[in-house]
Amino acid sequence: MAQDIFAQYISNLQRITAPTKETAISDREILMNIQNKLDSLSAPSADRFCQDSDISVIGGKIVLPDHGVLESDLHIKDGKILCLGKLNVNAKRTVNAQGKYVIPGIIDPHVHLGLFADLEHELATETKSAIIGGVTSLGCYFGGQEPHLDKFFEINNSVEQNSHTDIIPHLVIGNKTQREQIYDYVHKLGVSSFKLYLNGIPGMISDVDDGFILDVMDEIKKSGKKCLICAHAENRDIIKRSYNKVKEDLGDEAKIYDWTRTHPEIAEEEAVIRLSYLAEKCEVDVYFVHISSQEAIQRLERIKRKNPYVHVETTSPYLSISRDMYNFDRDRNLLKMEPPFRDSEDVEELWRAVKNGTVDCIGTDNVTQTLSEKNSNGTLWNAMAGYPALGTHLPVLLHEGIIVRGLSIEKLISALTKRPAEVFGVYPRKGTLLPGSDADIVLLDMNMEKQVHASDLMSRSDFSIYEGRTLKGWPIMTIKSGQIVAENGQYVGTHCTGICLKR
Ligand SMILES: [Zn+2]
């Protein structure tokens, strides 16, 4: 039965004419591959196929990540994408998407919640901020020293009660007990991504040595499942040396501009070389979070040609802020981050790596906090690292990637949807716009220009690192699980639909 549905879908695609180059999908093979993958999903039954829908999105430019853009209609039923194509459908609600792009809901694979406020509180506020910004799934890091088995049930409940987005949980492995429970995390909790800090934060996050890394790789192999080590990759000894040197030299006179020197690029480059080597030797996949420097990204470009175990992430802040843009009076220590912001050359190298595919995924590394929690008015040394970034993630990348640098929309959107879904094992349920996928959908107006104000972003935070910046290209509607939950920057949903995605 499913086969017929997909055959009809493909033949509909063939009938859609291609008025411009950007709307042409030429590679039928690629679509057939996707179709085969989708066959494993539960498809809507044939008699319901494209007869009536809950929502039909009409006349938009539909972005299939990596493959291209086609002008078509998209139909939603029971929280899933029912079909695409200009078909005669009886829609309960019609959304006119003329002139707008229609993209899969954004998956931000790198988010921290519950660090400066309760998890349930931040799930409620920050996932709303995500939704108005077009982000419908979050990869969330859960840390602490306790065994995760005890706490996970609580997290799962809290997500179902408070979250407006779906959550892909990643568990931090920082001690022996957590390490020894990896098998249970995989088989009892459905988690397959584990975080290691090669450089931690003294007093807050413990870092791990190479022996511990090898032990974790052994545990992952014992689990019998394909898992991922998400690594904060910086050499802790190099950082300790540089940090102490800058602190001794400048003391309390140190400015945010000097912070970059406390985390030199060789620390990041050395750590990616070392961990890529261990990954290849042990045949365990690694995922480098928040790569920030040109040295590390160029090195990873070369490593990835030969080493299939290596995956790479950078963040929207690293693709949009360099320290030559700092205004010391305004920014003070607001931009303190680990790794630090670097120079404009690094930003351009990271964009080059997005274009050539070295970067698999783009996240935010969101850490929600208020100005007073960040303590940004004190000395550089006492300010906390991090910032909220969920509400600005997509518009910043649309502006910097597509408007400023001319990246194709299907390439950028792939690093925000399809690639994170593939890397974290939730494709094709998430990360694409094909029949059977979850109906998480965003409409984009690439002509809309707007200034960023923290007060519009619905976060519990009171600042944005983009305050006052004008961006072109904004999400104007978000659909999550088949419900319209945001329109024109306002949250319009009625209830939480978030779940923890099991893998
Ligand atoms: Zn992080």
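## Close-up views of a predicted model

**View A: What covers helix α13?** Helix α11 (294-306), strand β12 and helix α16 are among the elements that cover the buried residues of α13. You're looking at a predicted model, in which local features need pLDDT of at least 70, side-chain atom pairs count only at pLDDT 80 or more, and totals for chains, interfaces and linings use all residues. Residue numbers start from 1 along each chain, as its sequence is written. The buried residues of α13 are Asp346, Val347, Glu349, Leu350, Trp351, Ala353 and Val354. (Buried means 20 or more other C-beta atoms within 10 Å of a residue's own, exposed means 12 or fewer, and partly exposed is in between, with C-beta atoms placed from the backbone.) Helices (H or I, at least four residues) and strands (E, at least two) are DSSP runs, numbered from the N terminus. Helix α13 (residues 344-355) has 12 residues, so at 1.5 Å a residue it should span 16 Å; its end C-alpha atoms sit 17 Å apart, which agrees. (The expected span is 1.5 Å times one less than the number of residues.) After α13 comes glycine 357, with a positive phi near 90°.

**View B: Helix α15 is mostly covered.** Of its 12 residues, 10 are buried. Those are His393, Leu394, Pro395, Val396, Leu397, Leu398, His399, Glu400, Gly401 and Ile402. The cover over them includes strands β6 (106-112), β7 (135-142), β13, β15 (441-451) and β16 (470-480), plus helix α16. Glycine 406 follows α15 and has a positive phi, near 70°.

**View C: Helix α15 packs with helix α16.** Here α15 (residues 393-404) and α16 (residues 409-416) pack at an angle of about 145°, and their axes are 10 Å apart. (Axes are lines fitted to C-alpha atoms, for helices over the stretch in contact, and angles between N-to-C directions run from 0 to 180 degrees.) On the α15 side, Leu397, Gly401 and Ile402 make the contact; on the α16 side, look for Ile409, Leu412 and Leu416. (Two residues are in contact if their C-beta atoms, placed from the backbone, lie within 7 Å.) Sorted by class, this contact has five nonpolar residues, one polar and no charged ones. (Ala, Val, Leu, Ile, Met, Phe, Trp, Tyr, Cys and Pro count as nonpolar, Asp, Glu, Lys and Arg as charged, and the others, Gly among them, as polar.)

**View D: Helices α6 and α7 cross at roughly 35°.** The axes of α6 (residues 182-189) and α7 (residues 210-223) come within 8 Å. Ile182, Tyr183 and Val186 of α6 meet Glu219, Ile220, Lys222 and Ser223 of α7 in this contact. By class, you'll find four nonpolar, one polar and two charged residues there.

**View E: An open sheet has nine strands.** Follow the order β13-β12-β11-β10-β9-β8-β7-β6-β14, with parallel pairing. (Two strands pair if DSSP finds at least two bridges between them.) Strands β13 (361-363) and β14 (366-367) are the edges, each pairing on one side only. Strand β12 (residues 310-315) runs parallel to β13, and three bridges join the two.

**View F: Strand β2 pairs with both β1 and β3.** Nine of the 10 residues of β2 (residues 68-77) are buried, so this strand is largely enclosed by the rest of the structure. Strand β1 (residues 52-64) and β2 pair in the antiparallel sense over eight bridges. Leucine 64 has glycine 68 of β2 as its bridge partner. Three residues lie between the strands of this hairpin, where aspartate 66 takes a positive phi near 75°. Strand β3 (residues 80-84) also runs antiparallel to β2, joined by four bridges. Lysine 77 is bridged to lysine 80 in β3. The hairpin of β2 and β3 has two residues between the strands, and aspartate 78 in its turn has a positive phi of about 55°.

**View G: Is lysine 374 buried or exposed?** Lysine 374 counts as buried because it has 23 C-beta neighbours inside 10 Å. You'll find lysine 374 in helix α14 (residues 371-374). Leaving aside neighbours within four places in sequence, lysine 374 is in contact with Gln369, Ala383 and Met384. Glycine 386 is 12 residues away along the chain, and its C-alpha atom is separated from that of lysine 374 by 8.0 Å.
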